[in-house]
Amino acid sequence: MPVADLVEDVCKEVSELVDAAPTAHDLMQRLVKLLHDRMLKYNWVGFYMLEPGAQPPVLVLGAFEGAMTPHVRIPLHQGICGAAASSGQSVVVDDVSKEPRYLSCSLETKSEIVVPVFVHGEVVGELDIDSHFPAAFTPEHQDLVQYCALLVGKKLEALGR
Ligand code: SME
């Protein structure tokens with residue numbers, strides 16, 4: 001199946017999940033499973049959420065699919081995850097071996113994308129995906145991951161966070 005068709009199908013499934021999920025946590029759990037199951041190059045899919053009130057701020061591992069990671073808590077000055085959360089910008093790394101900020105989760109990981117989740121314009125967390133394939137996150141994939149992060153932020157807003 002061409003990647004554009006797959007992305008379109010998965011976007012529809014993600015929209016359906018948003019309507020069906022009773023809580024944001026439930027949505028995030030179903031979403032990481034959907035992306036991990038349907039997107040064959042997404043080998044680790046997870047959310048990191050900012051711990052409410054923590055000073056200095058810290059990202060805490062939330063719902064995820066894939067092998068357990070040693071990085072359960074990530075301060076904002078560390079890793080690709082910290083860079084995405086502190087800048088409020090998506091980060092796409094085609095070759096993690098060339099990225100000095102990269103915190104290794106699996107020796108098999110070759111590329112990574114991290115997209116912030118916003119609630120009322122503020123970063124509250126992020127969606128992080130690792131691939132065993134180099135440069136897995138082409139523009140079509142970036143659109144899909146950004147769409148997922150956007151819908152999670154909207155769900156959190158709708159639920160009054
Ligand atoms: N690679 C991330 C750490 C999280 S693991 O990939 C699950 C980083 O550099 O921030």
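1. Buried means under 20% relative accessible area, exposed over 50%, and partly exposed in between, with a 1.4 Å probe and protein chains only. By that scale A135 is partly exposed, with a relative accessible area of 37%. A135 sits in the loop between β6 and α4, and its phi is positive, about 50°, although it is not a glycine.

2. On the basis of the note: this is a predicted model, in which local features need pLDDT of at least 70 and side-chain atom pairs count only at pLDDT 80 or more, while totals for chains, interfaces and linings use all residues. Residues are numbered from 1 along each chain as its sequence is written, and side-chain values use heavy atoms, with hydrogens and water left out.

3. Helices (H or I, at least four residues) and strands (E, at least two) are DSSP runs numbered from the N terminus; two strands pair if DSSP finds at least two bridges between them. On these terms there is an open sheet of 6 strands, ordered β3-β2-β1-β6-β5-β4, with antiparallel pairing. β3 (73-75) and β4 (91-93) each have a single partner strand and stand at the edges, so one side of each is left without a neighbour in the sheet. From one strand to the next the twist averages 25°; angles here run from 0 to 180 degrees between N-to-C directions, and axes are lines fitted to C-alpha atoms, for helices over the stretch in contact.

4. Strand β1 pairs with β6 in the antiparallel sense over 6 bridges, and M49 has G125 in β6 as its bridge partner. With β2, strand β1 pairs over 5 bridges, again antiparallel; here V45 stands opposite E65 of β2. Of the 7 residues of β1, 6 are buried, so β1 is largely enclosed by the rest of the structure.

5. The pairing of β5 (residues 111-119) with β6 (residues 122-131) is antiparallel and runs over 9 bridges. Within this part of the sheet, E112 is opposite D130 in β6. H120 lies in the loop between β5 and β6. Its phi is near 50°, a positive value in a residue other than glycine, and H120 is exposed at a relative accessible area of 58%.

6. Helix α3 (residues 79-87) lies across β1, β2, β3, β4, β5 and β6, and runs at about 35° to β5. The helix is mostly covered, with 7 of its 9 residues buried: G79, I80, C81, G82, A83, A84 and A85. These buried residues pack against β1, β2, β3, β4, β5 and β6, where contact means heavy atoms within 4.5 Å. Just after α3, G88 takes a positive phi of about 70°.

7. The axes of α1 (residues 3-20) and α2 come within 10 Å and cross at roughly 160°. Angles under 35 degrees count as roughly parallel, over 145 as roughly antiparallel, 65 to 115 as roughly perpendicular, and the rest as oblique. The two helices α1 and α2 are therefore roughly antiparallel to each other. In the contact, L6, D9, V10, E13, V14, L17, V18 and A20 of α1 meet L27, R30, L31, L34, L35 and R38 of α2. By class these residues are 10 nonpolar, no polar and 4 charged; Ala, Val, Leu, Ile, Met, Phe, Trp, Tyr, Cys and Pro count as nonpolar, Asp, Glu, Lys and Arg as charged, and the others, Gly among them, as polar.

8. Helix α1 also meets α4 (residues 139-158): their axes come within 10 Å and cross at roughly 5°. This pair is therefore roughly parallel. On the α1 side the contact is made by V3, V7, V10, C11, V14, S15, V18 and D19, and on the α4 side by E140, H141, L144, Y147, C148, L151 and K155. The contact of α1 with α4 has 10 nonpolar, 2 polar and 3 charged residues.

9. Two further local points. D37 lies in helix α2 and is partly exposed, with a relative accessible area of 42%. D37 and H141 are 104 residues apart in sequence and 15 Å apart in space, C-alpha to C-alpha. Elsewhere, Q55 and P56 are joined by a cis peptide bond with omega of about 0°, and P56 lies in the loop between β1 and β2.
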